[in-house]
Amino acid sequence: MTMLSSVAERLYWMARYLERAENTARLTSAYTHMILDLPRGAELGWQLLVDIFDADPVFRKHYRAFNEQNVLRFLIADMNNFSSINYAIKAARENVRTTRDVLPEETWEHVNELHIHCKDVAEKSIGRRHRYEFLEQIISRCQMINGLLMTTLCRDHPHRFIKLGHLLERADMTTRIIDVGAGAILGRENNNPAADTLLWSSMLQSMSAISAYRKKIGPIVEPDSAVNFIFKENTLPRTVTYCLNGILEELEPLKNNETAREIAESALRKLNRFDAQKMTFEQMHHFIDQFQLYIGDLDESITNTWFLPMPTTSSE
Amino acid sequence: MNNRWKDYDSSSFFDELLTSNGNPRMAARGIVKFLKDLSEDELDERRAAAELAIRDMGISFTVYTEGGNIDRNWPFDIIPRAITAKEWSRVSTGLKQRSRALNCFIDDVYNKQKILAAGIVPADVVLESTNYKPQCKGVSPRYGAWAHICGSDLVRNKDGKFYVLEDNLRVPSGVSYMLENRELTKRVLPELFENYSILPVDDYPSQLYKTLASLSPQLKRKPCIAVLTPGIYNSAYFEHAFLAQSMGAELVEGSDLFTDDDDCVYMRTVDGPVKMDVIYRRIDEDFIDPEAFRADSMLGVPGIMRAWKAGNLAIANAPGSGVADDKVIYAFVPDMIRYYLKEEPIMESVKTYLCMIDKDREYVLANLDKLVVKPANESGGYGMMVGPHATPEKRQEFAELIEKNPRNYIAQPTLSLSTAPTYIDHSVEGRHLDLRPFILQGKDVWVTPGGLTRVAMVKGSLVVNSSQGGGSKDTWIVESNK
């Protein structure tokens, strides 16, 4: 059974937006948690959260100061921000709306409810009082939808494109987190190991990876090993290596997969040679910049190969 | 037994459930008895249950309406309408006969034009109609079938007979309401089904599939069938998605398809182009192919007409079918039946005065207070005038319109539409209704058992269109169990 390109594209984006909403919620939750623990003068501001999404220009268009209220509004409720939870959920819903026939029946109901919930309470959940509860809700509802999909969908095209969307979005987000985490430490003049530990712990936390880290590496979170872990630990579903391996697996049965596979494979090879311990933060930043290009290329290749109007002999 | 029905008037009009002296008709006995035994509270409860179910099922409706053009919940009346299987069998035979003749006519008009040459239908009426599409000349779809899906509007007059009011041959909709209405009644009044033998309606999607599959230009493999929708903002999108899903067909928009140099239409898929065999279009023909019709259409597929004409693709309904969906042509359908089938028409049609004919026009202008005047080619009840209910100014306005453009107007006697008991507020009152059965024609002809009953929810109103405040009822074809 084949599948319309337009449907594949919508499923891919549904997955990306759902993953994005969950990731934004995870990151926001972990970060606000950390800020509460931070000693005064640690100089880790709210701007860092905006930087993670490369959203500086959009932010500045609508806000002046990078204070808690503004940044949290931007990340939770602002429809001008394509990575905000509110926007991502709405976009996911738009994509489910026209693909209901290939998804398990309850999917639409859940996504629609999530959207209504988000629309109703996002604005009220910016302040510290309701924020945590809201973010937890988003995370667990997204997980419920993913669980529904993963436990009921046939393992054919729809599942494949949904999975590609999830994995690519997650790989993208994880690299962003590392980049900004590294940048934050790099940017500060006086070294503050206590804050570093807190920062990296919260990054691991945002990926539900802190206990795995403790078991595999040890109880003390150090920047270098945390970076290596988040990049390369191939048993943990939110690491970059894991995501890339998963992408390769999903690409395998697709026709015309050569370009996309090549990109994923060279990204993996590059990752295998990576070692945070042997790098300065500048080098790491450079590496991540390049690595982000792979992710962009991969997305482009998936789009060109399977979603875009097929080249035909006639002039269209 | 309670008094709720005491004042029910079943004598002013033909009533679907009760005879003129207030006794239940044969097919309705069980329904009437059951409803009379229910207390007001119980009846309210059932209605509340129906409303809840509509909301649950209607999630799909509300969300598509954010663009703003469809009713959120359609008014559904819980009291079903019943017709005996015996009576239906006659109607069904009559509809098949009519559909065969209409298809012969369309095929003839685009090919030999025998009926025009014979002077049975005036040539200029056909050839100058905006519904006549010269782009379709010389095409012969398989089985001579053009209008594969037809929705005919029937009304029952004072004499108790069904009349065909019009034949919708372009993109008739509403069949999903017919299916939903039965779902609702099963949920809300399940007890009623115990003592009744009611013909099921849920066979429609498989019959539609069979009809479409029989049109496939190739017989080697399972045909590739798609429902072509204008998209999510179309008011019938839900129905398009529903039909595609229940047939296991693809739901496509114009941008999902392209026509290649081999004059075949392909669907863009993740495995590469897939050749299409049959397209069930829910887009008006003027929009299906910017190469052949409106060049500004964004909804269509450039070149799809080429593929159709080359015989590489079947389109249902075939482009051009609308030529027989015209209120002037309507007047000639009985003659078509006699001409093509050498049979006498089984279904009654309404006496129609054509304003283009001098004698008819004179009569119409002299009797505007008694007649219903309709434009020849609007649908949805727009632009018409019901003489007895119209103001003198309105009648004057229509007199001028008719003088100015006689070809565009027809007039018919005002029918006395039948009523059926309808639960309004807390009482049962009579409301006027019609019936839209769907006729499928491919290799075989098939008629839905019953169809969609539309009710004018406003007291005394004759307008049943959902776009103008109409509601609907479940329609039962009841087999006698004795």
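**Exercise 1: a strand and its neighbours**

Task: Determine which residues of strand β10 (residues 278-281) of chain B are buried on each face, and trace how β10(B) pairs with β5 of chain B and with β11 of chain B.

Solution. Step 1: Val278(B) and Tyr280(B) on one side of β10(B), and Ile279(B) and Arg281(B) on the other, are all buried, so that both faces are covered; buried denotes under 20% relative accessible area, with exposed over 50% and partly exposed in between (1.4 Å probe, protein chains only). Strands (E, at least two residues) and helices (H or I, at least four) are DSSP runs, numbered from the N terminus.

The model is predicted: local features need pLDDT of at least 70, side-chain atom pairs count only at pLDDT 80 or more, and totals for chains, interfaces and linings use all residues. Residues are numbered from 1 along each chain as its sequence is written, chains are lettered from A and ligands numbered from 1 in the order in which they are written, and side-chain values use heavy atoms, leaving out hydrogens and water.

Step 1: β5 (residues 225-228) of chain B pairs with β10(B) in the parallel sense over 4 bridges, where pairing requires at least two DSSP bridges between two strands. Ile225(B) lies opposite Val278(B) of β10(B).

Step 2: β10(B) also runs parallel to β11 (residues 314-316) of chain B, with 3 bridges between them. Tyr280(B) has Ala316(B) in β11(B) as its bridge partner. From β10(B) the chain passes through helix α9 (residues 304-309) of chain B to β11(B) in a right-handed β-α-β crossover (with the strands pointing away from the viewer, the path from the first strand over the helix to the second runs clockwise).

**Exercise 2: an open sheet**

Solution. Step 1: The open sheet has 3 strands in the order β7-β8-β9 (chain B), with antiparallel pairing. Step 3: β8 (residues 265-269) of chain B is joined to β9(B) by 4 bridges, and Arg268(B) has Pro273(B) as its bridge partner in β9(B).

**Exercise 3: the whole chain**

Task: Describe the secondary structure content and extent of chain B.

Solution. Step 1: Chain B contains 13 helices and 22 strands. Step 2: Its C-alpha trace spans about 70 × 60 × 45 Å along the principal axes. Step 3: Of the 482 residues in chain B, 57% are buried.
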